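I looked up a few places and wrote down what I found.

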Amino acid sequence: MSKPDIHADDYALTFNTSKDMLACMQAGRLDSISIVPNMSCFEECMELLYREIPKLPFLPLLSVHLDFVEGRSLAGKAAAPDLVKPGTDLMGLGWGGLFAASYLPHKRKKIRAQLVCEIKAQLAKAQTAIETCIGIAARYSVPCGQKGLRIDSHQHAHMIPVVWEAVLEAVRAEGYALEYIRNSREVLGVFLTDVSLYRTYRPVNFIKNRLLSLYSHKVDRYCKENGMSRMYLWGLVMSGRMDRERIERLYGKMRRKAQKDGRTLEILFHPGITLPEEVTPEIAKEAAADFYLREDRHVEKEAVLGVEW
């Protein structure tokens, strides 16, 4: 069987999050990472990575982690007024607002146009930094297999219909060579094979799994039409606590299912923890309390460093 892609989200969400993720990179344990482009700490976090690349065993594949639910608008409130909180440049429409806009004809066209502006700005900023990383790796003979643009998103927002349309429009308009876009499609059946684990899952994560599955078919079609491999994601039902014990119990089944269906398996972690003093208005208070500040992030870091794939 082919090795899965061990992935970590949220580089540049905060500086400490990035330091934790970098420790996993230094250990050679991450195949790919996602970089958040619209936080104030972006430049500081990227400078940290630039300095460390020459010492890495290899440079992971680097994705742009498009963010429409937290951080600041890079397009600006003049170009994307409906995406931000009134009187600020902070993202404010949120997942629910983007979802609703997909099904409200009088809003969809306007929101899509603003999203295209925002996506172009986020892609330009992040991809410039990613190309700098690839250049440093080449200069110091650090292995790196990346050739083109890779895309995923914070809270999987790119799967929402209006966002998906805007992402593809922005990519076409800017002429990017897209080599990967995440399909947040997770096999539910594997989690149901072990009754003893049922109570360890948060019910809301099953809802996320089913909702994102509904939107996954368009991603499959796009990948097939554009010569990209199809994939399964593992990291929704167990989101917030991708711990070593449950991973090791389910890993064989998940990997065999992906192999049987001819799909790449991406295993998603959030191995970086945010410090209390790093919680600024750019970060949603609910997300910080329920996720970013929790010790479970260390559980995920330990799994990245400890599980034998």
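Leaving aside its neighbours within four places in sequence, which residues is Leu61 in contact with? I found Asp31, Ser32, Ile33, Gly145, Gln146 and Arg150; contact here means heavy atoms within 4.5 Å.

Before going on I noted the ground rules. The model is predicted, so local features need pLDDT of at least 70 and side-chain atom pairs count only at pLDDT 80 or more, while totals for chains, interfaces and linings use all residues. Residues are numbered from 1 along each chain as its sequence is written, and side-chain values use heavy atoms, with hydrogens and water left out.

**Entry: Leu61**

I placed Leu61 in strand β3, residues 61–66. Helices (H or I, at least four residues) and strands (E, at least two) are DSSP runs, numbered from the N terminus. Leu61 has a relative accessible area of 22% and is therefore partly exposed. For this I used the cut-offs of under 20% relative accessible area for buried, over 50% for exposed and partly exposed in between, with a 1.4 Å probe and protein chains only. I also looked up Leu61 and Ile130: they are 69 residues apart in sequence and 9.3 Å apart in space, C-alpha to C-alpha.

Most residues other than glycine have a negative phi. Is His156 buried or exposed? His156 is buried, at 11% relative accessible area, whereas Gln155 is partly exposed at 38%.

**Entry: the largest pocket**

Gln155 came up again when I looked at the largest pocket. The lining has 29 residues, and Gln155, Asn205, Lys208, Ser239 and Phe291 lie nearest the centre of the pocket. A pocket is an open set of points on a 1 Å grid over the protein atoms alone, where a 1.4 Å probe fits, with protein on both sides within 12 Å along at least five of seven lines; lining residues have an atom within 4 Å of a point. The space in the largest pocket is about 680 Å³, the volume being the space filled by probe spheres set on the points, which are joined across faces, edges and corners. β1 (5–11), α6 and α9 (285–292) each supply at least two lining residues. Which element gives the largest share of the lining? I found that α6 does, with 6 residues.

**Entry: salt bridges**

I counted a salt bridge where a side-chain nitrogen of Lys or Arg is within 4 Å of a carboxyl oxygen of Asp or Glu. The count comes to 23 salt bridges.

I looked at Lys125 and Glu43, where the closest N and O atoms are 3.5 Å apart. Lys125 is in helix α4 (residues 105–139) and Glu43 in helix α2 (residues 42–52), so this pair ties together parts that are 82 residues apart in sequence. Lys125 is partly exposed at 25%, and Glu43 is partly exposed at 44%.

Arg244 and Glu248 meet in another salt bridge, at 2.9 Å from N to O. Both lie in helix α8 (residues 244–260), 4 residues apart, about one turn of the helix. Arg244 is partly exposed at 40%, as is Glu248 at 44%.

I also noted a network of salt bridges that links Asp9, Asp152, Arg182 and Glu266.

**Entry: helix α7**

Which residues of helix α7 (residues 216–225) are buried? I listed Ser216, Lys218, Val219, Asp220, Tyr222 and Cys223. These buried residues pack against α5, β5 and α6. Just after α7, Gly227 takes a positive phi of about 70 degrees.

**Entry: a surface patch**

Leu192, Val195 and Tyr198 make a nonpolar patch of about 280 Å². Patches are made of residues with over 30% relative accessible area and no salt bridge, with like charges joined within 9 Å and nonpolar side chains (Val, Leu, Ile, Met, Phe, Trp, Tyr) within 5 Å. Accessible areas come from the Shrake-Rupley method with a 1.4 Å probe, and for residues only the protein chains shown count as cover. Val195 is in the loop between β5 (178–181) and α6 (203–214). Val195 is exposed, at 58% relative accessible area.
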